[in-house]
Amino acid sequence: MPASPDRRAGRAPTIFDVAERAGVSHQTVSRVINDDPTVRPGMREKVDAAVVALGYRPRAAARALASRTNRALGLVTTGGTLHGPMSTGLGFNQAARRAGYHVLMAALDDPQPDSMREAVETLLSQDVAAIVLVAADTSALAALDALPVPVPVPLLTANGLPGQPGAGTAVAIDQVRGATLAVEHLLGIGRRRIVHLAGPLVSQEAALRRDGYLDAMRAAGLEPVVIEGDWTPGSGFAAASSLDPGSVDALFCGNDQMALGVLSAFAGRGVSVPEDIALVGFDDIPEAAYFTPALTTVRQDFEALGGRVLAVLDGMLAGTPPDDTVLQPTLVVRASA
């Protein structure tokens with residue numbers, strides 16, 4: 001009689017567990033399950049024994065993928081309710097559903113290697129044809145890169161940094177270009193003492209926006225000043241409260257929420273925007289047009305990003321060699337600058 005399934009702390013065994021028990025690669029396990037005739041008999045016996053011992057239920061994803069019948073995609077998101085990651089995940093979900101895919105999602109508050117492995121294994125156990133990672137910061141990519149075995153389905157990172165370990169194929173919006181647009185606009189309206197309120201620099205997007213700001217300031221022969229915030233209106237309020245208004249004539253915020261806190265602090269101090277200090281945000285959240293004054297900001301088209309992620313992923317599933325894709329942001333000029 002077959003052994004009872006090994007649930008391992010409440011979860012079903014995966015192809016990784018079978019490979020570990022049999023002492024082979026997960027690719028070999030896949031070949032055995034799919035009746036590859038080139039597998040040596042001794043290797044096949046090891047895998048079969050591990051499958052029986054663990055009570056593993058073979059996935060049908062490979063056969064479904066080959067016939068294009070599997071319409072399930074996995075989505076791993078990090079960053080909680082932050083506007084960028086949340087909007088990226090939503091944009092991909094909407095595009096995938098319009099194309100007839102079913103999206104299975106795993107949300108990670110703290111993307112450590114153990115939780116990333118558990119999320120990936122859970123999605124693979126549900127026969128997803130591919131996995132998309134929405135990476136809020138570098139720790140998500142590091143956790144993915146730390147997985148002991150490669151993910152045996154196509155992997156694509158949305159808003160990951162192309163070429164970074166763990167990113168796989170990446171589709172992103174050009175954060176450096178967005179910051180450059182913001183600084184060039186402020187320079188164009190005559191501002192020279194431009195301070196950048198950055199997001200937390202563990203975030204790859206915050207680091208890239210800071211880099212774009214630094215490059216643009218140095219290209220103009222100006223001294224950059226960077227203050228690190230944490231994406232929240234509270235950190236924007238604190239930063240603006242500590243600034244000497246006489247030493248600054250413009251503030252470029254790493255996101256719109258921090259810009260909201262800046263506006264509140266300036267209003268309480270009698271600092272007029274944009275007369276005393278011009279203000280530019282990043283993201284173009286739906287509320288940005290209704291700030292007082294309406295916020296000039298860098299717009300990221302998350303719907304277009306989601307559609308592009310799906311297009312690249314669909315090509316990967318069809319066997320088309322993928323390329324990293326970088327979309328361009330736009331500047332939306334309103335009353336604050």
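Let's start with Asp48, which counts as partly exposed, at 40% relative accessibility. Keep in mind as we go that this is a predicted model. Asp48 sits in helix H3, residues 41-54. If you look across from there, the C-alpha atom of Asp48 is 8.8 Å from that of Val29, and the two residues are 19 apart along the chain.

Val29 takes us to helix H2, residues 26-33, where it is one of the buried residues, together with His26, Thr28, Val32 and Ile33. How do those buried residues fall when you look down the axis of H2? They stay within an arc of 155°, so they line one face of the helix.

Let me step back to the whole chain for a moment. There are 12 helices and 12 strands. The chain has 337 residues, and 53% of them count as buried. As for contacts, take those with a separation of 6 or more: 73% of them are between residues 24 or more positions apart.

On the H5 side, the contact is made by His83, Gly84, Ser87, Thr88, Gly91, Phe92, Ala95, Ala96 and Arg98. Facing them from H12 are Phe302, Glu303, Leu305, Gly306, Gly307, Val309, Leu310 and Leu313. By class, that contact of H5 with H12 comes to eight nonpolar residues, seven polar and two charged.

The second pair is H8, residues 175-188, and H9, residues 204-219. Here the angle is about 45°, with the axes 7 Å apart, and that makes H8 oblique to H9. H8 crosses H9 in a right-handed sense. Who meets whom in H8 and H9? From H8 we have Gln175, Val176, Ala179, Thr180 and Val183, and from H9 we have Glu205, Leu208, Arg209, Gly212, Tyr213, Ala216 and Met217. The contact of H8 with H9 divides into seven nonpolar, three polar and two charged residues.

Last stop, the backbone. As a reminder, most peptide bonds are trans, and most residues other than glycine have a negative phi. Which residues does a cis peptide bond join, with omega of about 10°? Those are Val273 and Pro274, and Pro274 is in the loop between helix H11, 256-269, and strand E9, 278-283. Another cis bond links Thr292 to Pro293, with omega of about -5°. You'll find Pro293 in the loop between E9 and strand E10, 296-299.

That loop between E9 and E10 also holds Asp284, a residue other than glycine whose phi is positive, near 60°. Is Asp284 buried or exposed? Asp284 is buried, because its relative accessible area is 16% and the limit for buried is under 20%.

And finally Trp231, in the loop between strand E7, 225-228, and helix H10, 233-242. Trp231 is not a glycine, yet its phi is positive, at about 80°. Its relative accessible area is 12%, so Trp231 is buried as well. Thanks, everyone, and I'm happy to go back to any of these on the screen.

Methods. Residues are numbered from 1 along each chain as its sequence is written. This is a predicted model: local features need pLDDT of at least 70, side-chain atom pairs count only at pLDDT 80 or more; totals for chains, interfaces and linings use all residues. Side-chain values use heavy atoms; hydrogens and water are left out. Contact means heavy atoms within 4.5 Å. Helices (H or I, at least four residues) and strands (E, at least two) are DSSP runs, numbered from the N terminus. Ala, Val, Leu, Ile, Met, Phe, Trp, Tyr, Cys and Pro count as nonpolar, Asp, Glu, Lys and Arg as charged, and the others, Gly among them, as polar. Buried means under 20% relative accessible area, exposed over 50%, partly exposed in between (1.4 Å probe, protein chains only). The arc is that of the directions from the helix axis to the C-beta atoms. Axes are lines fitted to C-alpha atoms, for helices over the stretch in contact, and angles run from 0 to 180 degrees between N-to-C directions. Angles under 35 degrees count as roughly parallel, over 145 as roughly antiparallel, 65 to 115 as roughly perpendicular and the rest as oblique. A crossing is left-handed if the near helix is turned anticlockwise from the far one by less than a right angle, and right-handed if clockwise.
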